[in-house]
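Subject: Structure handover

Hi,

Here is the structure for your files. My notes follow below it.

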Amino acid sequence: MLLIGIAVQESAGRALVWADYFTVGGAVLALVGLYVSANQLMTNAPLALAVRK
């Protein structure tokens, strides 16, 4: 209940600055990197399991 109360409170708000855009861009790049890494790991998993036997 406390978290809901905090979430619905009205904030003062502020203008977006260059650091906000930099943060969003970095987060997007990090998520894309995680996606590509996971995809590569799933692609190579059968080969890694075959070598292990």
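Which residues form a nonpolar patch on the surface? Val24, Val28, Val32, Tyr35 and Val36 do, with about 490 Å² of accessible area together. Patch members have over 30% relative accessible area and no salt bridge; like charges are joined within 9 Å, nonpolar side chains (Val, Leu, Ile, Met, Phe, Trp, Tyr) within 5 Å. Areas come from the Shrake-Rupley method with a 1.4 Å probe, and for residues only the protein chains shown count as cover.

Some ground rules. This is a predicted model: local features need pLDDT of at least 70, side-chain atom pairs count only at pLDDT 80 or more, and totals for chains, interfaces and linings use all residues. Residues are numbered from 1 along each chain as its sequence is written, and side-chain values use heavy atoms, with hydrogens and water left out.

Overall form. The chain has two helices and zero strands. These are DSSP runs, numbered from the N terminus (helices: H or I, at least four residues; strands: E, at least two). The radius of gyration is 21 Å, well over the 10 Å that the globule rule gives for 53 residues, so the chain is more spread out than a compact globule. That radius is taken over C-alpha atoms, and the rule is 2.2 Å times the number of residues to the power 0.38. The C-alpha atoms fill a box of roughly 60 × 35 × 10 Å along the principal axes.

Surface. Buried residues make up 2% of the 53. Buried means under 20% relative accessible area, exposed over 50%, partly exposed in between (1.4 Å probe, protein chains only). The chain's accessible surface is about 5,300 Å², and carbon and sulfur atoms hold 73% of that.

Helix α2. This helix spans residues 18-52 and includes Val36. Val36 is partly exposed because its relative accessibility is 48%. Pro46 is also in helix α2. Its C-alpha atom lies 49 Å from that of Ala15, 31 residues away along the chain.

Asp20. This residue sits in helix α2 too. At 19% relative accessible area, Asp20 is buried. How many salt bridges does a search of the whole structure find? One. Arg14 pairs with Asp20, the closest N and O atoms being 3.0 Å apart. The criterion is a side-chain nitrogen of Lys or Arg within 4 Å of a carboxyl oxygen of Asp or Glu. Arg14 is exposed, at 61%. The Asp20 side chain also reaches the backbone nitrogen of Val17 at 3.0 Å.

Best wishes

Notes: Polar contact = N/O pair within 3.5 Å; in protein donor to acceptor, adjacent residues only side chain to side chain.
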